[in-house]
Amino acid sequence: MGLEGVEPSSFMADFLAGCGGYAVVDGGLATELERHGQDLNDPLWSAKCLISFPQLVRRVHLDYLEAGANVIISASYQATIQGFEAKGLSVEEAETLIKRSVEIACEAREIYLQRCAKGYWDFFDSPKIDRHPVLVAASVGSYGAYLADGSEYSGNYGASMTLETLKEFHRRRLQILANSGADLIAFETIPNKLEAQAYVELLKEENIDIPAWFSFSSTDGTNVVSGDPIIECANIADSCSQVVAVGINCTPPRLIHGLILSIRKVTNKPVIIYPNSGETYNGETKQWEKTRGETEEDFVSYVGKWRDAGACLFGGCCRTTPNTIRAISRVLFDKSS
């Protein structure tokens, strides 16, 4: 999107400037797919739809672009070669689907930009939607996401887990995504320091030539879910020149403000935040459970405070919707209803 060949150090600054100083990230993908009737009770989660219903994935991406998102994230979070092989697919088929996840997001972007160019939105009784910069981020979920046993929410991979094991697990998928047409890599819901370090080393070893962001998750507002301090995790991200933003996702909104302040103590890189709706996922029952009754209105009311604390990119994770993203965009850019 006009940022090809830009040095990592200026990539995000240039993008944010083009967006007006702040950028809007999309919202929950899997929960939107479920809202459209898909059963994602499957180890592949949203990646299941890359096989069964790719046109719906594209539709959800487009919904978020129409809501004002500047960044859409591919459906590759739980798309791994190992996971697809477990479903009976070949390595070649798995690699094709991983790349396809980004291609689908790029197709949605192209449709959106074409509609903007043709004045498509003039036919609708809705606020004028200006053409805005759009990046496609290729999602990389944690090793725990592949296990689909809830360990992505605890960061506990067992005492025998090594840095090299994690690197080899992620290596081929990262190679594919880096050459898929994505603008950057989104390392999401990172649960521990070890996996963050594995990503840093892989980016260097594989000479990845597109930028990345690192996004961690927390349940206490001080540490990531494994118990590793967020400051130490953010330091690891800050050490890597390819990392152009550091932040938090899949975390209750009420914890975000303090986490932004902690991250800002150790990095000057832009801070990205995309919390969940306020509900908590129970990895054992595979159900979302309400916590403290936070609503979409509560979520959106935090945005100004997060901005004042130093965040630059704002979106939503699980259980957030295009309505959430539309409301975030309105807050950031003072749009009327």
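Me: Is Asn-207 buried, partly exposed or exposed, and what is its relative accessible area?
Reply: In this predicted model, Asn-207 is found in the loop between α9 and β5. A residue counts as exposed when its relative accessible area is over 50%. Asn-207 is therefore exposed, with a value of 64%.

Me: What is phi of Asn-207 near?
Reply: Most residues other than glycine have a negative phi. Asn-207 is a residue other than glycine, and its phi is positive, near 50°.

Me: In what order do the eight strands stand in the open sheet?
Reply: Strands of a sheet pair through backbone hydrogen bonds, either parallel or antiparallel. Here the pairing is parallel. The order is β1-β10-β7-β6-β5-β4-β3-β2.

Me: Which strands stand at the edges of the sheet?
Reply: An edge strand here has a single partner strand, so one side of it is left without a neighbour in the sheet. That applies to residues 23–24 and residues 71–73. These strands are β1 and β2.

Me: Over how many bridges do β3 and β4 pair?
Reply: Strand β3 covers residues 135–140 and strand β4 covers residues 184–190. Across this pair, Val-140 stands opposite Phe-187 in β4. The two strands pair in the parallel sense, and the number of bridges is four.

Me: Which residue in β6 is the bridge partner of Ala-212?
Reply: β5 and β6 pair in the parallel sense over five bridges. β6 is mostly covered, with seven of its seven residues buried. The partner of Ala-212 in β6 is Val-243.

Me: At about what angle does helix α9 run to β5?
Reply: Helix α9, residues 193–205, lies across β3, β4, β5 and β6. The angle between α9 and β5 is about 175°.

Me: Which residues does the UniProt annotation "binding site" cover?
Reply: The annotation comes from an unreviewed UniProt entry. Its residues are spread over 69 residues of sequence, yet they cluster in space, with a largest C-alpha distance of 6.4 Å.

Me: Is Cys-250 buried or exposed, and what is its relative accessible area?
Reply: Cys-250 lies in the loop between β6 and α11. Leaving aside neighbours within four places in sequence, its contacts include Tyr-153, Thr-189, Cys-317 and Cys-318. Buried means under 20% relative accessible area. Cys-250 is therefore buried, at 11%.

Me: What is the relative accessibility of Cys-317?
Reply: The place of Cys-317 is in the loop between β10 and α14. Leaving aside neighbours within four places in sequence, Cys-317 is in contact with residues including Gly-27, Gly-28, Asn-249 and Cys-250. Cys-317 counts as buried, and its relative accessibility is 13%.

Me: How far from Asp-63 is the nearest side chain of opposite charge?
Reply: Asp-63 sits in helix α4 and, not counting residues up to four places away in sequence, touches His-36 and Pro-322. A salt bridge needs a side-chain nitrogen within 4 Å of a carboxyl oxygen. Asp-63 is buried yet has no salt bridge. The nearest side chain of opposite charge is that of Arg-59, at a distance of 4.3 Å.

Technical notes
Residues numbered from 1 in each chain as written. Predicted model: local features only at pLDDT ≥ 70, side-chain atom pairs only at ≥ 80, totals over all residues. Heavy atoms only, no water. Pairing = 2+ DSSP bridges. Contact = heavy atoms within 4.5 Å. Axes fitted to C-alpha atoms, helices over the stretch in contact; angles between N-to-C directions. UniProt positions renumbered as here; feature names shortened; annotations may be inferred. Buried < 20%, exposed > 50% of the residue type's maximum accessible area, 1.4 Å probe, protein only. Lys, Arg positive; Asp, Glu negative; His and termini not counted.
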